[in-house]
Amino acid sequence: MTRHPAPLVLTPADHAVLGAAEFGTPGLVAVESIGPFTRVRACGPLVTVHDSLIAAGHGIGHHPHRNHERLFYLERGTFDHDDARNGISGHVPEGALARFTEGRGGMVHQEWNHGAVDAEIFILVAATDPIPEETSFEVLPREAMPLYPETPGVVTREMVGPRSPLPVHCDVRSFTDTTLQPGTALTWRLQDGEGALLSVREGAVSCAGVDLGRKWTVLLPPALGPREVGLTSAAGARVIRAAFGPGYGLVTTH
């Protein structure tokens, strides 16, 4: 029988909170579960995971990135993208997923919230292998995301995955927003070599026998062999899930 590594449970106290001191400008907050400011430096292809806020009327100015892909899921509000290096710009409406493919040439981008409400964004940053030659930007609006029941009382909205029309260049195989009605359960099936991330957005769930509250994170390191992860919610919940390939495995500082 294949033995899988235990889930890594991150409470809100385990996340790093970045603000004006780190970004060099006010109006930005990022709660990091994976990245250079936490003890988890990578999980699979994911090198950064941020639960981010751009305050109304604020943003981050032009700065460079290359080689990675960024998936911005806009849970609330709007923002505008401008890539000065490649002459690419666009608007991201509420509920959309924006895909930033940096490519070998990289991008010099600015993200700004011109709206009247704070923009709340869940961000995955993943390695690309092979690295695309071209930089690109694409928005998948909420109404174009497949919406389907997984089991009775459990409904999933798919941003990345086999049903989604949005192609990605990183090895993120699914990225979904799932609502569980009170008293429901879900079996989450991961394939050979896959890892996964779960973030509780609303309510509370039990994942693999561990009780999780709002803004808790669970990481399932990539492992050999398929596995099933049980999710249950007595009072109801909304969770974001991502499944991904082996990438770097699990990289921690200790």
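This short talk looks at the surroundings of one threonine and then at the aromatic rings of the structure. What we have here is a predicted model, in which local features need pLDDT of at least 70 and side-chain atom pairs count only at pLDDT 80 or more, while totals for chains, interfaces and linings use all residues. Residues are numbered from 1 along each chain as its sequence is written, and side-chain values use heavy atoms, with hydrogens and water left out.

Let me begin with Thr101, which lies in strand β10, residues 97–101; strands are DSSP runs of E with at least two residues, numbered from the N terminus. Is Thr101 buried or exposed? Thr101 is buried, with a relative accessible area of 0%, where buried means under 20% relative accessible area, exposed over 50%, and partly exposed in between, using a 1.4 Å probe and protein chains only. The side chain of Thr101 makes a polar contact with the side chain of Arg99, at 2.9 Å. A polar contact is a pair of N or O atoms within 3.5 Å; within protein, one must be able to donate a hydrogen and the other to accept it, and residues adjacent in sequence count only if both atoms are side-chain atoms. If we leave aside neighbours within four places in sequence, Thr101 is in contact (heavy atoms within 4.5 Å) with residues including His68, Glu134 and His169.

Now to the rings. Rings of Phe, Tyr and Trp (its six-membered ring) pair if their centres lie within 6.5 Å, and planes under 30 degrees apart count as stacked, over 60 as edge-to-face, and the rest as tilted. By this rule there are 5 aromatic pairs. One of them joins Tyr73 and Phe175 edge-to-face, with 6.3 Å centre to centre and 75 degrees between the planes. Because Tyr73 lies in strand β7 (residues 68–76) and Phe175 in strand β16 (residues 172–180), this pair ties together parts that are 102 residues apart in sequence. Tyr73 is buried at 1% relative accessible area, and Phe175 is buried at 0%.

A tilted pair is formed by Phe100 and Phe137, at 5.2 Å centre to centre and 50 degrees between the planes. Phe100 lies in strand β10 and Phe137 in strand β13 (residues 136–140), so parts 37 residues apart in sequence are tied together. Phe100 counts as buried at 0% relative accessibility, and Phe137 counts as buried at 18%. Together with Phe72 and Phe79, Phe100 and Phe137 form one aromatic cluster.

Definitions and conventions
Helix = DSSP H or I, 4+ residues; strand = E, 2+ residues; numbered from the N terminus.
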